[in-house]
Amino acid sequence: MMRQLLPLLIWFCLPALAYANNAQLLEQAQEAYANGDHKHALALYDSVNTDYTSAGLLYNIGNCYSKLGDMPHAILYYERALRLAPGADDIQANLDLERAKVVDRMNQLPAFTLGSVWDRLQGGKDVDQWARRSLWACVIMVVFAASAILIRRNSFKRIFLAVAALALLFTVLSTALAAYRVQEVESRSEAIIMSPTVEILGEPRKGSTRLFILHQGTKLSIVGEQGDWQEVRLSSGSVGWLPKEAIEII
Amino acid sequence: MKNFILAIASFLITGVIVHAQEVTFQATVDRNEIATGDPVKLTIALGNVSSASGITTPDLGGLAVLQGPMESNSFSSINGRMSRSSSRIWYLTATQPGTYVIGPSTVRVGRAVLQTDPITIKVSKGAGSGSSAATNEAQKRDQNLFCTISLSKNKAYVGEQIIATYTLFSRYNSLQPQDYDLPKLSGFWAEEVDLGAANWESSLRTVNGLQYRVAVLKKQVLIPLRSGKLTVAPMTLNYLVNPGFFSSGTPVRIQSNSSEITAVELPPGKPADFIGAVGELRMEMKTPGTTVKANEAIDLTIRFSGRANLKLIDAPKLGLPPDFETYDPKISDKISVNGSGMSGSREFQYLLIPRHPGKYDLGDMTFSYFDPNSGSYKQLRSDSLYFNVQPGDANSSASVGTSSKMDVQRLGSDIRYIRTGDLELRRKGEHLFGSGKYIAGMVVPPALLLLLFLWHRKREEQLSDLGGQRRRGADKVAKRRLAEAETALKKEDRNAFHDAVGKALEGYFADKFNLGVAEVNAAMIREKLGTVDEGRTAEEYINLITASQMARFTPVEGKPQRQTYDEAAAIISRIENQIRG
């Protein structure tokens, strides 16, 4: 009996064990970072990051890279962290510091006002925020609708029904946003240039027309791919091809 | 007698100045570059011995003996101590050009065996009597007068000290210096070593069998300032040789060798607090005290001492907080340059003025220098600095007391610190949205709501069904009660009659409006029937109920029973007609 249960027990305990192990690794990494041993801290954080992720973890990895002077990797991890937690000002501040080291000056399109409102709306503390909100809205809707059903007084009934309808609207909206967030987080549509310099070519072929030269740390959008080549778009709108190994996808 | 004369002659030629107590054993030649057929004189001299076994004949390396060996002995008594000097002399020659090496000669003095150095003789092809080759050779480097530059090391780190020694070698009796050209130095910091007046050294030096008088002309401390191959250019000197009473002497121009130094860049990993010093260094730091007053000056003295390129030390950066006003340090040197290099101390005296009271723990100051012996950077660490700055006297300075606001200075920029605490880890690719939990959370509450709604509707239906039946049945029940009342009327049972009429009226009302019998009262009736016939029906209804209740307990009757019965039946049918269920 016990022998049969044991694997089951282990299977149940495994996530808990892994979590405890992670906590230990994170503590060690924190200590190493505090002592200035950024290399060791990075190795520890990386080992946690093989299976787990979070905005805080990615941000800490970015900090390690930044301290080790690896600007493109630092930007890569800050961008990844920011994608999980779009509102976090510590991540944004460090990313801005690292971006100042990027050679290429891209004229970033000025943020469209409505677009920035939309950004703020879709952002939030983490990926699950909108999902959580939609769940709460759903619960509120149900509670108020139930109250409206059960209550006898007509005037209260109407108010409760109105609240329930609002909650329903919010539920639908936040569900849509949650779906959008997940799709955005899982999308692999942006990349950071890792090699010191890279030529953007007109075709996915060596020796084709050189369009422009970019340097490490610059952010690109990914349009398509073919074999070992990736089609990218710059923030200026120009499109070209570069070898896959030159970039890392956010 | 002949030997004695020879001994004197050899003494004069070689010009040996013998120290009394020292045993000497030397092999010398009068020249070491000859043409074929020319004679060369080899002297092996043993001096200052009381007794010695015989001097062995060295391996002559193929040179032919023209004459010898000739022996000479001399005795001298210094401070009552007898000593003997003896020498053997050969005249040698070579018939073939080439390089010949005269091997060492040995002698046994007491228990020790002394040995002479080997001598190399270059024999060039002689052209008959003259030896032009030899003179050519001599022009390149005069055998009798030359100058060398020697360096304490040929490979050094940038900033490391090298001692360059300029030495004059002469076999002339008399020399008169004319002028000289100092070597050109580029890429060096040079410091002259003060030797006083140049003097002949008291002992002779033997170079390849020839004995020279030696004078150190000049010593320099050279400090490479950049890495790479650095050259010390040759030194040129002009001399008048053998000026006599009648002649002004022969002018001779000599040029020293040039020397090369490989300067090595300091190894990478230069610490941030490196002050440019290379060598051995100590540090002392002095402060007047830890308790000071605001706006009063503090003297902070840092003294570096040791053997290093002290003159190249930069003023160390103190890195004090901006609350301390710092001025450029006063530098005072106590540096001496001697034959072993530059040593002494360099002192930096800083003037600090704390502007604001408070307790300042400035930590310890560290400065690094490079130790070329170990090839590594070394750190000097001071005691930790601590100042307790107390408020200054209000009268002492006009600036005190006026609230001089200060902008917060940004001293540097750095990334923000890592996040600590719970990082809220999750498995990669897992999101709340779309997870089983989420779907359950979105489906279960509305499902519960639906169930509640369905249950509620069913209940409502049941309730309304009950009410409707009651309402619909109200008339019938009332009629039945009225029928009972009629029976009681016929039986003349007065009590039962009024009871039946009251029950019929109350029951009907309760049934009609789905109320409990207890809820039937005047107010309720007025509320429910208030709209019918502008309230008259309600009042009538109340009157009837009140009348039947009154009649039940009092024997007096307001109206005949028949009329009461008719009025009750009439009002029920009227309400029935007016209010449709």
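Two residues are taken to be in contact if their C-beta atoms, placed from the backbone, lie within 7 Å. The model is predicted, and local features need pLDDT of at least 70, side-chain atom pairs count only at pLDDT 80 or more, and totals for chains, interfaces and linings use all residues. Residues are numbered from 1 along each chain as its sequence is written, while chains are lettered from A and ligands numbered from 1 in the order in which they are written.

Select Tyr369(B), which touches Ile275(B), Ala277(B), Val278(B), Leu281(B), Ala308(B) and Lys378(B), leaving aside residues up to four places away in sequence. Tyr369(B) is also among the residues with the most contacts inside the largest nonpolar core, which has 68 residues. Such a core is a set of buried Ala, Val, Leu, Ile, Met, Phe, Trp, Tyr and Cys residues joined through C-beta atoms within 7 Å, where buried means that 20 or more other C-beta atoms lie within 10 Å of the residue's own.

Next, select strand S16 of chain B, residues 210-224; strands (E, at least two residues) are DSSP runs numbered from the N terminus, and two of them pair if DSSP finds at least two bridges between them. Strand S12(B), residues 162-170, runs antiparallel to S16(B) and is joined to it by nine bridges, with Tyr166(B) bridged to Lys218(B). Strand S14(B), residues 188-193, is likewise antiparallel to S16(B), through six bridges, and here Glu191(B) has Val221(B) as its partner.

Finally, move to the hairpin formed by S15(B) and S16(B), where two residues lie between the strands and Asn208(B) in the turn has a positive phi of about 50°.

Terms used:
Helix = DSSP H or I, 4+ residues; strand = E, 2+ residues; numbered from the N terminus. Buried ≥ 20, exposed ≤ 12 C-beta atoms within 10 Å, placed from the backbone.
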